Amino acid sequence: MWRQLALVFLFWSVGPGLGQAALPADAVELREATDPTLQAKLEERLDALQLGRSVEAGQLSVALVDVTDPDQPRLAEVNGDAMLYAASLPKIAILLAAFQRADEGALTLDDETRDLMTRMIRNSSNSAATAMIGKVGRDYINELLRSPRYRLYDESLNGGLWVGKEYGRGSAYQRDPLHHLSHGATAFQVARFYYLLEKGELVSRQSSREMKRILGEPAISHKFVGGLLAEVPQAQIYRKSGSWRDWHADSAIVEHDGRTYIAVGLAQNPSGGEWLKRLIVELDGLIMDTPIRTAGLGAVSAR
């Protein structure tokens, strides 16, 4: 039912013409990786958390991708194409733009720049993010997100990642064309970002490894980090979160006990931060209780 609601929302938001546009190749691959069993269990877990009505009201979007075998991803999502204000989460797009600029020879990743990127991600420093926007060029970021190579903001998918304002006081310089958000995201497109990162397809394998390293060792212990590490202290979490007023977002690659998965949650509710803290524990349990599927071998025991 929730999947049908998400599709109705997408059709209403982008219109019949845009909704029929071709998807980028990797998005088709990930979209086609929807796993009915994982989908049903995700909806069951959300009901158990008493978040079903919040999903139906459009207050919560979730994407979960089992990438234990990156060549055999399994996707489950609710409201995956709903674009919400995401506060600091879209700083991952600035990180991507910096490494892309460096690959093009237009930016030197010296010690100062690497320090700015690390503080922007791990500490969610607004001043560091604004400095990095200046280094890469504010117009460049959204051009890259909309580029044929990445299409991390795609009007046919109701948008996605967007950075249209410096982090701090001041007005937006470029709001997204569909929803007029200054800092926005959809759960599906954020999951795609991490999926491309995990496969080494953001800029290059080396750049993907460096970006993932920067996303590790989060300095802020709330939402996904606070919830999961209280239950699974050995988990490795590579994440970026965001919060502003009633908007709460978190996103991560999680690794432990032989499993790797991507989790994304976007919420618009005063209790959204607490929702995400409880949600990650349920998502982790869902993945750990699901058999591993390896290319050519089918399903094998999860533990």
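1. Helix H12 covers residues 272-288 and contains 17 residues. From its first C-alpha to its last it reaches 24 Å, close to the 24 Å expected at 1.5 Å a residue, the expected span being 1.5 Å times one less than the number of residues. Helices (H or I, at least four residues) and strands (E, at least two) are DSSP runs, numbered from the N terminus.

2. The model is a predicted one, in which local features need pLDDT of at least 70 and side-chain atom pairs count only at pLDDT 80 or more, while totals for chains, interfaces and linings use all residues. Residues are numbered from 1 along each chain as its sequence is written, and side-chain values use heavy atoms, with hydrogens and water left out.

3. Because 12 of its 17 residues are buried, H12 is largely enclosed by the rest of the structure. Buried means under 20% relative accessible area, exposed over 50%, and partly exposed in between (1.4 Å probe, protein chains only). Among the buried residues of H12 are Trp275, Leu276, Leu279, Ile280, Leu283 and Asp284. Their cover includes helices H3 (36-48), H4 (52-56) and H11 (223-231), together with strands E1 (60-66), E9 (247-256) and E10 (259-268).

4. The axes of H11 and H12 come within 7 Å and cross at roughly 45°. Axes are lines fitted to C-alpha atoms, for helices over the stretch in contact, and angles run from 0 to 180 degrees between N-to-C directions. The two helices, H11 and H12, are therefore oblique to each other; angles under 35 degrees count as roughly parallel, over 145 as roughly antiparallel, 65 to 115 as roughly perpendicular and the rest as oblique.

5. On the H11 side, the contact is made by Lys223, Phe224, Gly226, Gly227, Leu228 and Glu231. H12 contributes Gly273, Leu276, Lys277, Ile280, Val281 and Asp284. Contact here means heavy atoms within 4.5 Å.

6. Tyrosine 140 lies in helix H8 (residues 138-145) and is buried, with a relative accessible area of 12%. Leaving aside residues up to four places away in sequence, tyrosine 140 touches Ala97, Gln100, Arg101 and Glu104.

7. Of its 303 residues, 57% count as buried. Among contacts in the chain with a separation of 6 or more, residues 24 or more positions apart account for 66%.
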